[in-house]
Amino acid sequence: MNLMHTFVLLLLVEFSLQDYPFKDTSLSWDVRVNDLVGRLTVDEMAMQMARGGQGENGPAPAISRLGIGPYQWDTECLHGAVWHKATAFPQAIGIAATWSHDEVYRLAEVSGEEVRAFHNDAVKHNKYDSITGASCYAPVINIMRDPRWGRNQETYGEDPYLSGMLATAFVHGLQGNHSRYVRATAGCKHLDVHGGPENVPVNRNSFDSKVSERDWRTTFLPAFRYCARAGVYSMMCSYNSINGVPACANKKLLTDILRKEWGFTGYVISDQVAIEQMVWPRKYVHSNIDAAVAAVDAGVNLELTWGANHNVAFDTIASAVRSGRLSENLLRERVKPLFYTRMRLGEFDPQKYSPYSYITMSVIEGQVHRDYAVSSAMKTFVLLKNDGLLPLQQTIYNKIAIIGPMADVPTALSGDYQTYPDWKFISTPRRGLESLGRHANYAKGCKDTLCNSYDSNSVKNAVQGTDVVFICVGLGTAIETESKDRHDIELPGHQKQMIMDAVAHSGSAKIVLITFNGGPVNIQWADQSNRVNAIIAAFYPGQGTGTALKNVMTTTNKSQFGRLPYTWFVSSNQVPAMVDYSMKGRTYRYFKGEPLYPFGYGLTYTTFHYGNLKMAGSVTAGQQLHGSVDVTNNGNVQADEVVQVYISWAQTAIPAQRRQLVSFERITIPAHGHKTVKFTIEADQMALWIDNNGWKVEAGRINVFVGGQQPNQKKSVGSNIIQSHFDVHGAKLLGSF
């Protein structure tokens with residue numbers, strides 16, 4: 001064959017590839033997807049479903065005869081472009097503490113920009129390794145049901161509504177607002193009834209979550225329902241079984257609820273190795289082909305596992321079809337959402353059409369993103385205690401001390417699923433705060449947060465003769481992380497002793513305790529000590545930690561603190577055993593004791609007054625209720641307030657929680673200024689779950705509480721709560737959702 005013939009043949013091949021309807025941008029998405037998937041063989045479809053990522057398990061292979069390239073599904077972006085050299089933003093639990101739709105949206109937006117930059121660059125260089133895709137395994141919206149769970153830091157806290165609203169903001173921020181193309185696709189995980197244990201007292205790989213239908217519907221499912229409503233592209237089924245059926249083989253969950261009740265049209269990906277675990281250790285089925293059939297039939301589209309061509313359950317799909325255990329039509333339906341996702345990412349369209357295809361590596365750790373890392377961290381901090389010390393009235397003291405195992409460890413500030421920013425951009429507490437003193441002493445005190453060996457002399461020497469002592473304690477991934485639960489919520493090792501030594505040997509110095517942790521720790525001693533002047537919950541703030549801490553403690557005309565997204569218990573004795581999945585006694589909705597700090601709690605540098613609550617006195621069952629309230633800033637500083645609206649049911653024959661958050665909004669009010677905040681209570685928020693019948697709005701009275709905290713809290717933020725009520729006339733069955 002001469003060169004001319006070769007050239008003509010290549011042109012014909014190129015023309016034929018471009019001529020496929022699935023590449024025709026004038027056609028609808030459905031027509032294009034159906035055309036593409038209709039051209040695939042059973043073996044090709046099986047391989048697309050079996051290669052969800054992680055090492056040799058990805059990418060999904062190219063289909064050269066159709067001009068389709070590889071695609072890598074395995075990408076994490078919980079709070080940045082995870083495991084890349086990228087900007088380190090605050091961990092999810094801290095972002096939840098902002099109680100801000102806008103902050104979560106912005107975090108997802110900048111994370112999506114960096115993820116897309118890495119993806120575009122990788123494709124440009126024909127690289128399809130793990131974490132180079134544009135489909136994220138985030139956000140994590142499991143309910144923080146137990147303070148000891150190792151993955152609490154990845155969540156948005158303990159409330160289904162708060163988690164659902166923040167998940168909605170994340171999905172919208174990550175995916176973008178373009179009418180045609182998607183920046184990066186979100187994936188809500190882990191569906192469902194998943195919130196520990198990881199390894200204490202039993203292993204997650206064999207754990208069966210025993211849950212009532214009411215708790216399932218009222219606590220564990222709602223956030224995922226909001227996620228589906230937001231237009232998320234994927235869901236990840238969890239490791240655990242639900243009442244004996246593995247989540248990734250649970251047809252009630254993945255088909256009846258997710259697809260039929262909620263109308264979800266995206267794809268379900270398994271958690272890593274969850275499908276093989278149906279064989280062992282769960283012994284739910286006998287073989288990988290049994291597991292693959294169960295998962296595909298239940299509703300799984302894509303497998304995430306280890307390796308390739310070695311014990312991969314979905315490698316048996318083609319055999320299952322040929323043997324009649326799976327239908328080819330079902331296989332085509334399962335593959336369609338995968339290619340729909342890739343189409344919406346712009347893969348099969350000319351590059352010039354999508355604005356996201358032009359995002360380059362220049363955004364990575366750029367000035368805009370570095371500035372946001374600081375400003376967002378400032379809004380995540382929760383001020384738990386303040387006797388008037390903060391904001392600091394001096395810009396510089398003669399001598400300060402910065403002590404503790406979290407004071408100067410750059411790698412410990414972002415928590416789990418972190419990025420790896422350039423060290424020159426990381427501001428540790430020590431680096432950020434040392435400029436507050438002409439002399440700044442430092443003592444780590446412990447080798448790490450385990451604090452098994454404690455150098456008390458270094459701490460005592462560091463705090464003597466100082467004006468202010470900053471104590472940085474906490475957990476880090478050495479204590480709490482995926483696969484690692486806590487036995488209790490006590491400060492590890494000798495950390496409590498370190499706090500006590502700092503108090504005892506610092507004379508009259510002012511003391512600020514800063515905790516770095518996902519789940520709560522027992523700091524009751526410090527809370528009750530009149531020598532500890534202020535306490536800040538910092539969570540895991542990312543690369544801007546030190547600068548952000550200095551900013552919030554020294555800015556005298558502004559207050560930007562967050563609020564707790566979970567109940568901060570005194571000790572783990574206040575909650576049931578980790579393996580008990582009843583919600584009785586868990587979270588603010590069911591807990592009847594007195595926590596150290598309640599859900600929604602957080603101080604500011606001012607107080608607020610609530611007044612002029614307006615709302616209808618009654619509604620017909622099935623209708624919304626609209627209301628408004630005036631919020632006044634009583635102080636001399638501009639401040640952020642989080643307006644919280646709760647309801648409770650005055651009388652009902654149906655079991656109900658103590659109260660439920662139904663609306664929230666973070667607002668900024670100037671000194672002595674006021675704002676009117678509108679809120680809506682939806683009909684489904686008034687409903688209660690009736691076993692076997694679904695959700696029902698009952699006739700009766702519903703109490704409403706509006707303020708900057710929960711009602712009837714002993715530990716008050718100093719602002720008032722307005723209480724009112726409305727009557728529901730009639731009753732309405734809303735059905736299952």
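User: Where in the chain is Lys 283 found?

Analyst: In this predicted model, where local features need pLDDT of at least 70, side-chain atom pairs count only at pLDDT 80 or more and totals for chains, interfaces and linings use all residues, Lys 283 is found in the loop between strand 6 (267–270) and helix 10 (288–298); helices (H or I, at least four residues) and strands (E, at least two) are DSSP runs, numbered from the N terminus. Residues are numbered from 1 along each chain as its sequence is written, and side-chain values use heavy atoms, with hydrogens and water left out.

User: Why is Lys 283 called exposed?

Analyst: The relative accessible area of Lys 283 is 65%, and exposed means over 50%, buried under 20% and partly exposed in between, with a 1.4 Å probe and protein chains only, so Lys 283 counts as exposed. Lys 283 also has a positive phi of about 60°, although it is not a glycine.

User: Is Ile 131 buried or exposed, and what makes it so?

Analyst: Ile 131, in the loop between helix 5 and helix 6, has a relative accessible area of 15% and is therefore buried. Its phi is near 60°, a positive value in a residue other than glycine.

User: What makes Asp 121 partly exposed?

Analyst: Asp 121, which is found in helix 5, has a relative accessible area of 30%, so it is classed as partly exposed. Asp 121 and Ser 357 are 236 residues apart in sequence, and their C-alpha atoms are 9.7 Å apart in space.

User: How do helix 5 and helix 6 pack?

Analyst: Helix 5 (residues 101–124) and helix 6 pack at an angle of about 35°, with their axes 7 Å apart; axes are lines fitted to C-alpha atoms, for helices over the stretch in contact, and angles run from 0 to 180 degrees between N-to-C directions. Contact means heavy atoms within 4.5 Å, and among the residues that meet are His 101 and Val 104 in helix 5 and Met 165 and Leu 166 in helix 6.
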